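Please keep the sequence and the 3D view at hand while reading.

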Amino acid sequence: MVSKHPDTGIPNVGVYRHEVKGKDKLGCMVNPANHGAYIARRSAELGKTMEVAIFIGHHPAVVLGAMTRGDINLNELEIMGGLLGEPLEVVRGETVDLPVPAHAEVVIEGVIDPRNMVTDGPFAEYLGYYGEGNKPCYLIDVTAITMRRDAIYHDLDPAHREHVLSCVLGLESGAYDAVKRVVPTVQAVHIFPSASSFVFAGVCIRKRVPGEGVLAGMMAIGDPAIKGALVVDEDIDIFNEQEALWAAGTRVVADQDIHTMPRILGAHLDPTTYDETRLKRGPMLTKVVIDATKPVGLPFSTRITPPKDLWESMKLADYVK
Ligand SMILES: Cc1cc2nc3c(=O)[nH]c(=O)nc-3n(C[C@H](O)[C@H](O)[C@H](O)COP(=O)(O)O)c2cc1C
């Protein structure tokens, strides 16, 4: 869904769910931590409505570009062009003053009055649980629908890999940039697919100073969608979940290396979220940094590693008939 910030006019794109609410009404459920919600709240403050255009069916790079995390002033339409390797062609909406990616299969235009919230659901949520069906959402008054002849509807399976993996590129690159700003020796950031592809980031650093591990992890969990970070040294392949868990299992001193931070605005669909009273569900959750890096300047057990020459000289065929 494309919208634009009422102060700067910079377009914003995100993928949101839109429950059909009537013949010309759609829900629009935006996590309060996402930029779409900041735009809606600012529009409400100014007493303005918010124009939107939902485009369905486009190049996968365009969908991935919509998932970019970063500064609110970053124009996702330009990121899409970067991923495509050529500028993204856009057209003006028919009834809204917004740039809409050309060649989409279907475009639904409309207007949100952000002072008017309703609820949506229940839906199968991306974390793998059934939702409760009362999430606050905005209401779109549809003003136009355009489509290509024989339009193809791009659907996906909610809460399965195709849903959650769409977000990974944006989350990984955003978290990598955030960590790199303070720990330039970061080697890689990887969102672990097994933890619902969203919530847990592996961060690999070349640690040379005490405390760098926790600092790197804190930067990674700065993204509202990332609930936890596991920080490892450079000898660990963070893209290999078995290695990452081995590091967590063998290098973490539980009472000093697990740092929890409660009451942080996060992914409000997570089943562990809470409100100000902690008695009801709300937009906050408790985040965690697990520092699985080895201590700096202190002895630590040496990892078993076969000598490289010997390892490479061994041929499986010599042992298996
Ligand atoms: C299939 C799919 C469905 C999504 N559904 C929602 C949703 O209903 N609400 C939401 O806030 N984010 C949803 N997201 C995640 C956002 O699109 C993503 O976090 C994006 O970066 C938000 O953009 P924004 O910060 O510019 O608002 C979904 C992502 C995908 C791939």
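A residue is called buried when its relative accessible area is under 20%, exposed when that area is over 50%, and partly exposed in between. By this rule L165, at 40% relative accessibility, counts as partly exposed. L165 is found in the loop between α4 (161–164) and α5 (168–182), and although L165 and I191 are 26 residues apart in sequence, their C-alpha atoms are 9.4 Å apart in space.

The model described here is predicted. The secondary structure of the protein comes to nine helices and 14 strands, and the C-alpha trace spans about 70 × 55 × 35 Å along its principal axes. Of the 321 residues of the protein, 43% count as buried.

**The ligand and its surroundings**

The ligand is surrounded by 20 residues, and the closest of them are V15, Y16, M29, N31 and R69. Sorted by class, this shell has eight nonpolar, nine polar and three charged residues, and both β2 (11–13) and α1 (35–45) supply at least two residues of it. Because domain 1 (2–156) and domain 2 (163–291) both give residues to the shell, the ligand lies between them.

| Protein residue and atom | Ligand atom | Distance |
|---|---|---|
| N12, polar side-chain atom | oxygen | 3.0 Å |
| V13, backbone N or O atom | oxygen | 3.5 Å |
| M29, backbone N or O atom | nitrogen | 2.7 Å |

Taken alone, the ligand exposes 640 Å², and the protein buries 90% of that area.

**Buried residues in loops**

R17 has its place in the loop between β2 and β3 (20–22), where, with a relative accessible area of 18%, R17 is buried. The side chain of R17 makes a polar contact with the side chain of D120, at 2.8 Å. N75 sits in the loop between α2 (60–66) and α3 (76–84), and its relative accessibility of 16% means that N75 counts as buried as well. A polar atom of the side chain of N75 lies 2.9 Å from the backbone nitrogen of L77.

**The two sides of helix α7**

Which residues of helix α7 (residues 241–251) are buried? They are E243, A244, A247 and R251. These residues cover an arc of only 100° around the axis, and therefore they lie on the same side of α7. The face of α7 that is turned away from this buried side carries the exposed residues Q242, L245 and G249.

**Backbone details**

The peptide bond from G121 to P122 is cis, with omega near 5°, and P122 is found in the loop between β8 (106–120) and β9 (135–147). Two residues deserve a look for their phi angles. D150, which is not a glycine, has a positive phi of about 50°; D150 lies in the loop between β9 and α4 and, at 72% relative accessibility, counts as exposed. R263, likewise a residue other than glycine, has a positive phi near 65°. The place of R263 is in strand β13 (residues 258–265), and at 38% relative accessibility R263 counts as partly exposed.

Conventions. Residues numbered from 1 in each chain as written. Predicted model: local features only at pLDDT ≥ 70, side-chain atom pairs only at ≥ 80, totals over all residues. Heavy atoms only, no water. Near = heavy atom within 4 Å. Polar contact = N/O pair within 3.5 Å; in protein donor to acceptor, adjacent residues only side chain to side chain. Areas by Shrake-Rupley, 256 points an atom, 1.4 Å probe, with all protein chains shown as cover. Helix = DSSP H or I, 4+ residues; strand = E, 2+ residues; numbered from the N terminus. Nonpolar A, V, L, I, M, F, W, Y, C, P; charged D, E, K, R; others polar. Domains from an automatic or database assignment. Buried < 20%, exposed > 50% of the residue type's maximum accessible area, 1.4 Å probe, protein only. Arc of directions from axis to C-beta.
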